[in-house]
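Please open the structure in a viewer and keep the selection panel at hand.

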Amino acid sequence: MLLPTRIIYLAETESTNLHLLQSPDLLEINGLVVTAETQTAGRGRRGKKWETGPKGQLYFSLCLHTSGYPCPDHSFTLIAGLALAKAFEEYKTPNLSIKWPNDLLVNSKKLAGILCEGFSGGMVIGIGVNLIGEPVDFGTEVQNKITTLQSATNLIKTPTEVILNFCGHFQKCLQKIKLNGLDSSLKEWEAISSSINSEIYFEDQGTWKEGITKGLGPAGELLVESCGKLTSLFSGETSLTPPPLD
Ligand code: BTN
């Protein structure tokens, strides 16, 4: 299978993830990508919104049938993050890092986010990339927290170029995992990550704690040492800066 097997272009949809998840016929097409110029209800992790930015940003979802891959569902977020980082490295994006589990950062500012949602037999891998313009062109609530590919590299890339670039790397990562398991991809992920041997704040049963990240466990879980104890995070919120007190 050559990724993507097909691309559907939409002018507008609520969410490209939702569009796929609500279309049983489309979910049958392994490797299908759905992309939209605008999302009216873009979804982020943990019930957050993914706001539509100024025209020209990238929103897409890939349908992947996951049987035959020797890795747990939640690790597809890491694999997609690794492939996206490799795509951005081709554009010589400086100071690129991956923040566990799903953020692509440049100088600690968010360049892209990933939301994987499961369905029977597969995963919908949803990716939002801030492609074009400067952070000031985005909403006031996000402009201090984000960057764009154009701002980081001075390059203007079309949504299709980035989708094809990502898919090429994702395909290679998946082939490697099918042949050799997840281990070497997790090592590659660690090498690009800001989440290794660094101070981190993480949510543990509703309370924020401070710890030092110790790398990934065999299933892609984040290992954090805090108060002399090693905790494995399979999901949840992490922050590189102290979380707001509320
Ligand atoms: C996050 O950082 O919390 C994940 C954001 C994922 C956003 C993308 S945009 C395309 C796809 N469709 C959605 O509704 N969400 C993902």
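The stops below concern the ligand, the pockets and a cavity of this predicted model.

**Stop 1: the ligand and its contacts**

Begin by selecting the ligand. Of the 21 residues around the ligand, the nearest are S15, Q39, R43, R45 and K110. Display the side chain of S15, where an N or O atom is 2.7 Å from an oxygen atom of the ligand. Next, show the side chain of T16: an N or O atom there is 3.1 Å from a nitrogen atom of the ligand.

**Stop 2: the shell around the ligand**

Now colour the secondary structure elements. Two or more residues of the shell around the ligand come from each of α1 (16-21), β3 (58-65), β6 (109-119) and β7 (122-129). Which element gives the most to this shell? It is β6, with 4 residues. Colouring by class divides the shell into 11 polar, 6 nonpolar and 4 charged residues.

**Stop 3: the largest pocket**

Display the pocket surface next. The ligand takes up space that is the largest pocket, and this pocket holds about 1,300 Å³. Its lining consists of 48 residues; select K48, W50, D103, K110 and K145 to see those that lie nearest its centre. The elements giving two or more residues to this lining are α1, β3, β5 (103-106), β6, β7 and β12 (238-239). The largest share, 4 residues, is that of β6. By class, the lining has 19 polar, 17 nonpolar and 12 charged residues.

**Stop 4: the second largest pocket**

Move to R45, H74, T77, P101 and F234, which lie nearest the centre of the second largest pocket among its 15 lining residues. Its volume is about 220 Å³. Both α3 and β6 give two or more residues to the lining, and β6 has the largest share, with 3 residues. The lining has 8 nonpolar, 5 polar and 2 charged residues.

**Stop 5: the cavity**

Finally, select L78, I79, L82, L182, S185, L186 and W189, which line the largest cavity. How many cavities of 30 Å³ or more does the structure hold? There is 1, and the space in the largest cavity is about 40 Å³. Both α3 (75-90) and α6 (183-192) supply at least two residues of the lining. This lining has 6 nonpolar residues, 1 polar residue and no charged residues.

Terms used: Residues are numbered from 1 along each chain as its sequence is written. This is a predicted model: local features need pLDDT of at least 70, side-chain atom pairs count only at pLDDT 80 or more; totals for chains, interfaces and linings use all residues. Side-chain values use heavy atoms; hydrogens and water are left out. On a 1 Å grid over the protein atoms alone, a cavity is a set of points where a 1.4 Å probe fits but cannot get out, and a pocket is an open set with protein on both sides within 12 Å along at least five of seven lines; lining residues have an atom within 4 Å of a point. Grid points are joined across faces, edges and corners, and a volume is the space filled by probe spheres set on the points. Ala, Val, Leu, Ile, Met, Phe, Trp, Tyr, Cys and Pro count as nonpolar, Asp, Glu, Lys and Arg as charged, and the others, Gly among them, as polar. A residue is near a molecule or strand if one of its heavy atoms lies within 4 Å of it. A polar contact is a pair of N or O atoms within 3.5 Å; within protein, one must be able to donate a hydrogen and the other to accept it, and residues adjacent in sequence count only if both atoms are side-chain atoms. A molecule sits in a cavity or pocket if more than half of its atoms lie within 2 Å of its grid points.
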